[in-house]
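Please have the sequence and the structure open while reading.

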Amino acid sequence: MSERSVSKQKRGKRWYSVLAPEQFDRAELGKTVAEEPEMVYGRTIETTLGELTDDAGANNTKLTFKINDVGSDSAYTEFIQHELTRDYLRSLVRRGASKVEANVTVLTTDDYRVQVQPVAFTTKKADRSQEQAIRRVMIDLVNEAAEDRSFEQLIDSIVEGRLSSAIYGEAKTIYPLRRVEVQKLSLEARPEEVEAEEEAAVDVDESDVAEEVAEEAE
C-alpha cells in the first residue's frame, strides 16, 4: 500500500460546517462531509429565508448557496439563487386576473451578471397594452436597481422586498395590482467570468476586422 493511501486512511472523513456569506451573518446552513477539503468546493446547499431568520412566514423563499472556500472545519459559501416556492406562486394566481412576468439580465456595479424574474398579479383581467406597460415598469426598475447597487446590495433589495415594493408602487397606477414579487434571482456570472467573456468578444471582433481588411486587400 502506498504512503498516500495510508495517509488518506488515517485522515478519514471530516465534517465541515457550511456557513452562509457574511451578509447573512455567517449563519450555519448545515454540515457536509468529505475525505479531502478539495472535494467540498462547488457543493450547493439550499435553505429557506425563514430558516435563516427564524421567521416561518418566510419559508416560501428558497435560497441556494455554493461552497467557494474551505477552512479547517468550516466551508464558506457564496449566494447563487433566490427563488419562491411553486406552491406559494400558485397560491397567488386567481381566475379572471392577469399574471405578468418579466425576465431581465443585468450587470451590478461590481460586475456581477444576474438574472432577475419579477412577476405581478392584477386584481382583475388586464388588457394586453396594460400588461405590456406593467412589464415595461418591471424591466425599467430592475435595470435601475442594478445600475445603483452592488451584487450584495441587489440581493438585499430583493430578499427584503424593497424592489418588489417599488415595482408595485409604480405599476399599480397602470392597473390595480394584488401582489408583486421577484420570483427568481440567479447569479449568471462573476466579475472575472464577465471580464473573460468581454476579452473573448474583443478578440473575436479584432479577428473579424483583420479578416475584412485582408479580403479588401485581395
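Strands β7 and β8 pair in the antiparallel sense through four bridges, where pairing requires that DSSP finds at least two bridges between two strands, and strands (E, at least two residues) and helices (H or I, at least four) are DSSP runs numbered from the N terminus. This is a predicted model, in which local features need pLDDT of at least 70, side-chain atom pairs count only at pLDDT 80 or more, and totals for chains, interfaces and linings use all residues. Residues are numbered from 1 along each chain as its sequence is written, and side-chain values use heavy atoms, with hydrogens and water left out.

**Pairing of β8**
- Strand β6 (residues 99-101) runs antiparallel to β8 and is joined to it by three bridges, with K99 opposite F121.
- Strand β9 (residues 177-189) also pairs with β8 in the antiparallel sense, over 10 bridges, and here V116 stands opposite L185.

**Burial**
- Nine of the 10 residues of β8 are buried, that is, under 20% relative accessible area, whereas exposed means over 50% and partly exposed lies in between (1.4 Å probe, protein chains only).

**The loop residue D111**
- D111 lies in the loop between β7 (104-107) and β8 (113-122).
- The hairpin of these strands has five residues between them, and D111 takes a positive phi near 70 degrees there.
- D111 is partly exposed, with a relative accessible area of 37%.
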